[in-house]
Amino acid sequence: MFLGIDVGTSGIKALLVDENQQEVASHTESLTVSRPHAGWSEQDPEDWWKATCRAIDVLHGQHPNAVAAIRGIGLSGQQHGAVLVDTSGHVLRPCILWNDTRSEAECALFEERFPLSREVTGNIAMPGFTAPKLIWVARHEPEIFARIRHVLLPKAWLRYRMTGEMIEDMSDASGTLWLDVAKRAWSPEALKATGLTLANMPTLCEGTAAAGYLSKDLTSRWGMASSPVFAGSAGDNAAGAVGLGAIRNGDAFISLGTSGVVWVTTNEFRAEHQSAIHAFCHAVPKTWHQMGVTLSAAASLAWWAKVCDVTERELLAELPERPARPSSALFAPYLSGERTPHNDGTIRGGFIGLSHDTSRAELTQAVLEGVAFSFRDALEGLNASGSFFTEADVIGGGSRSPFWISILASVLGLRLHSLAHGEHGGAFGAARLARIAATGESVESVCTAPERISATDPDPELQGAYKQAYNRYRRIYPALRDIQNA
């Protein structure tokens, strides 16, 4: 039996998986986010700890024999968060989360101090990453910065509470701006740019490696036969990729979740920072990945449903199974800024091209197309880096809409596959990593792909129409930027 724990922003999910890779049980405990100032986003790490214990307590109460048989534990973590720990192991302040934008000025300062940062880290400095957050703390909370002994990412801190070990995997470490991504090692120069040293960092390991054992007290609390081994584990997107079996060069998927991701696995470090494409280590050895991110994917549809005072399902029910033509309106999905390709946390979106004849269904289609165009931006950046692919799996809540998948296929020019079991998420990938760490099985034998149940090909006639619409869409961002700066 293997346990995957997903340390998300909105909740902690604990998932029990058996030797046949079948889900035995799961439980999720909700979390809240504190926003004490505009643009701030924080959580108390102690809330993660309590929620994790409650989630496993529930599983233990419902399935005591299965929990007792757990051999390995894996973690999937929300990335980029900064947990600051003193010499006694106490947390010094609330964790600054991935979607916190306070450190925009510090991004420029980091790159000024470390001119080779983009080449070494594979990424543009963005407020979401960890390093600028530490510069912000040094500038605005110097008394706290002076007391820092260790800086941990969320899942590394949870591992520390559960094992007493400070260890981080390569995929999550890639999101700090402190990792030399090609070398899979901490960069002393990047750390120096934030006033830190190697002594402040956890030990690095691969996501498949053994990385600590559950403490005796917790082993006893949950009635386990022996202390399970922890896997090095993964950041949330890499854990999701492990769950999908996206471990080979060229494996690609599109995630239509709250935010959106275009992912491709690579067999080498491949940076393309001009388009705000992320180049990270994968959670499996000798493997990397690239990723384009749109901040409001399914969140755009959720926003539109809220405005219309109906459910998302009701909006989609007004649409046919396949689009006949592009919407007459355009939608820019910059509801909370945009990452790829603009790296702009302040830009905001909107509808363009409305008329008296524009219907709600037309605007719903425009929302879906606007998100698809943002994915096309990401795909263009991946292609510019030399990453090309012709097909991809589609996961996330939006993947349940054939209409949306049809739009995506024609906008992206890709064959898109729907999956029988594409909703396991990071907890399932974490459980797979736990299995590899506990048993020594190969990555290839454990990280198999789920069954594909259907494929959607681009519509040749729509492709041309969507190319024209995309070219119009690309002119929206600079126009909005000019309007906001006026």
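These legends describe close-up views of a predicted model. Local features need pLDDT of at least 70 and side-chain atom pairs count only at pLDDT 80 or more, while totals for chains, interfaces and linings use all residues. Residues are numbered from 1 along each chain as its sequence is written, and side-chain values use heavy atoms, with hydrogens and water left out.

**View 1. Helix α3 and its cover.**
Helix α3 spans residues 104–113. Helices (H or I, at least four residues) and strands (E, at least two) are DSSP runs, numbered from the N terminus. Glu106, Cys107, Leu109, Phe110 and Glu111 are the buried residues of α3. Buried means under 20% relative accessible area, exposed over 50% and partly exposed in between (1.4 Å probe, protein chains only). Their cover includes α4 (117–121), α5 (130–140) and α9 (188–192).

**View 2. The crossing of α3 and α5.**
The two axes come within 8 Å and cross at roughly 105 degrees. Therefore α3 is roughly perpendicular to α5. Axes are lines fitted to C-alpha atoms, for helices over the stretch in contact, and angles run from 0 to 180 degrees between N-to-C directions. Angles under 35 degrees count as roughly parallel, over 145 as roughly antiparallel, 65 to 115 as roughly perpendicular and the rest as oblique. From α3 come Ala105, Glu106, Cys107, Leu109, Phe110 and Arg113; they meet Ala131, Pro132, Ile135, Trp136, Arg139 and His140 of α5. Contact means heavy atoms within 4.5 Å. By class, this contact has 8 nonpolar, 1 polar and 3 charged residues. Ala, Val, Leu, Ile, Met, Phe, Trp, Tyr, Cys and Pro count as nonpolar, Asp, Glu, Lys and Arg as charged, and the others, Gly among them, as polar.

**View 3. Leu134 in the largest nonpolar core.**
This core has 64 residues, of which Leu84, Phe110, Leu134 and Trp178 touch the most other members. A nonpolar core is a set of buried Ala, Val, Leu, Ile, Met, Phe, Trp, Tyr and Cys residues joined through side-chain atoms within 4.5 Å. Beyond four places in sequence, the contacts of Leu134 include Ala82, Leu84, Phe145, Ile148 and Trp178. A second, separate core of 51 residues includes Ile277, Phe331, Leu363 and Ala372.

In α7 (residues 154–163), 8 of 10 residues are buried. Among them are Trp157, Leu158, Arg159 and Met162.

**View 4. Helices α15 and α18.**
Helix α15 (residues 402–412) packs on helix α18 (residues 460–473) at about 75 degrees, with axes 8 Å apart. That makes α15 roughly perpendicular to α18. Ile407, Ser410 and Val411 of α15 contact Leu462, Gln463 and Tyr466 of α18. The contact divides into 4 nonpolar, 2 polar and no charged residues.

**View 5. Arg376 in α14.**
Arg376 sits in helix α14 (residues 360–384). Its side chain makes a polar contact with that of Glu380 at 2.7 Å. A polar contact is a pair of N or O atoms within 3.5 Å; within protein, one must be able to donate a hydrogen and the other to accept it, and residues adjacent in sequence count only if both atoms are side-chain atoms. Not counting residues up to four places away in sequence, Arg376 touches Val411, Leu412 and Tyr470.

A cis peptide bond joins Thr340 and Pro341, with omega about 5 degrees. Pro341 is in the loop between β20 (330–332) and β21 (350–352). Lys286 has a positive phi near 55 degrees and is exposed at 71% relative accessibility. Asp309 has a positive phi of about 60 degrees and is exposed at 69%.
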